[in-house]
Amino acid sequence: MSSFFLLAFACCIVAFVHSNANTVDYGAALTKSLLYYEAQRSGKLPPNQRVKWRGDSTLNDGKDAGVDLGGGYYDAGDNVKFGFPMAYTVTMLAWSVVEFGSQLEAKKELANALAAIKWGTDYFIKAHPYPNVLYGQAGDGDSDHACWMRPEDMTTPRTVYRIDEQNPGADLAGETAAAFAASALAFRRTNPKYSAQLILHAKQLFNFAVKHPGQYQNSIPPAGKFYSSSGYEDELLWAALWLERATGEKRYLDFINTSTNSGGTRTEFSWDDKYVGVQLLVAKGILEGRYPGNGNLGQYKNYVEQFICNCIQKGSSNIKASYMGLLWWQPSNNLQYVTSASFIMTTYSSVLAATKNTLRCPTGKFDFLPEYLISEVHLQVNYILGLNPYRMSYMVGFGTKYPKEVHHRGASIVSIKKDSNPVTCQNGFNAWFHRNAPNPNVLDGAIVGGPGQTDEYTDSRDNYQQAEAAIANTAPLVGVLAYFASLKTN
């Protein structure tokens, strides 16, 4: 295919996306995005559970260690609770409420968003029984991945792992502290007593992380096979920033201002790399006049703007894109980075608009208005929701064409409510995983890994790189969808 034809085709697709943008029901997508977290729940399900094909599961997590670790979220298509990405997920859900709470309330989804957050923070409270102890994983990844079983009747080991003073993990402790502090802000108006409880846990975990540095996979090696952390300095800054916002205490801003590592220009914002989030929140504080814009803090603002410029293809080191314009990072689970970058751009656009500022990029001959950022986010989100060459929505259950064979144990096996006969470890593969048919249960709101760099997608259960969804994928999209849904009604 010639470069001229590709360019012409791409231009046609961009025009198609813009002309059909008003056909996307962002409110419906928002509703489904929060419904997804009910499908990922572990523990005793509440009476108001909306995802009816799920049942109670892993009620004895932590019992062998003398601690109650019921609750929390299964990570992706497996039945393991990984604390590190779960904490990031809760932080992003909380940030969505902090930043776009009024829009969520206007769409009558605020209560569901708070419920999704609380399902996580309630679990983290139980996982943090002492100031310097935090349980960071429940379940064994290797044995879990060797079986294909519903969470309701799985028989794989439910080993629990923790960090403490002798076995530290500043990244895990720091991210969980951030989740507590951000959630405290989210609950400040509706549940001030709970908010105060969350701040106490956040402070304890931040102190633990600062005094006992180290990467958590050195203390919880099984987690390193699936969610290895590249460092802990970003999580310490992330936690300090959310604590400063939640408490107003100067010592947390001093911690950020005196840090010798502000991250530089990052290539991603993810469960592993929080620098862009830190940089954006500092930039927001500067633009709002709460933080000084000189010195170290000013560098944070410069770096997040460079990241955004790279995302909109106006920077000095632009993020790659697919033929049809989807931002591209890697073959496996690429959409997690698209949703997180979309949240960053949407939030910064709101900040710029509120403070009457613009964005200057290295290759731009003029400043970019906040509306330009939003138009770029529209392209990414609309692509995810079906305005792409294959008319495929990569949010499960949204639209008429979406992934039917999602790589997900619970969704791919008949509901225990319909057939209570246990599905054994290997029989799950034989009867359900290798079954060439749509999943019996629709995993509404899940964002799958997504298409390849040439925009291709194979809807097959064994294509885990593209067809598996994860809780970290959908969380950043919640705030973005709330924002877009509110625009639709204005």
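Me: What makes a set of residues a nonpolar core in this predicted model?

Reply: A nonpolar core is a set of buried Ala, Val, Leu, Ile, Met, Phe, Trp, Tyr and Cys residues joined through side-chain atoms within 4.5 Å. The largest such set here has 154 residues, and those with the most contacts inside it are Trp 95, Leu 359 and Leu 385. Helix α6 (residues 170-187) gives the largest share of this core, 13 residues. Apart from it lies another core, of seven residues, including Val 423 and Phe 429.

Me: Why is Glu 99 called buried?

Reply: Buried means under 20% relative accessible area, and Glu 99 has 17%, so Glu 99 is buried. This residue lies in helix α3 (residues 83-106), and, leaving out residues up to four places away in sequence, Glu 99 touches Arg 245, Lys 284 and Thr 347.

Me: What makes the pair Glu 99 and Lys 284 a polar contact?

Reply: The cut-off for a pair of N or O atoms is 3.5 Å; the side chains of Glu 99 and Lys 284 are joined at 3.1 Å, and this is a polar contact.

Me: How do you know that β1 and β2 pair?

Reply: Pairing needs at least two bridges between the strands, and two bridges join β1 to strand β2 (residues 134-138), the two running antiparallel. Phe 82 stands opposite Gln 137 in β2.

Me: Why is one side of β1 and of β3 left without a neighbour in the sheet?

Reply: The open sheet has three strands in the order β1-β2-β3; β1 (81-82) and β3 (160-163) stand at its edges and each has a single partner strand, so one side of each lacks a neighbour in the sheet.

How values were computed. Residues numbered from 1 in each chain as written. Predicted model: local features only at pLDDT ≥ 70, side-chain atom pairs only at ≥ 80, totals over all residues. Heavy atoms only, no water. Buried < 20%, exposed > 50% of the residue type's maximum accessible area, 1.4 Å probe, protein only. Helix = DSSP H or I, 4+ residues; strand = E, 2+ residues; numbered from the N terminus. Polar contact = N/O pair within 3.5 Å; in protein donor to acceptor, adjacent residues only side chain to side chain. Contact = heavy atoms within 4.5 Å.
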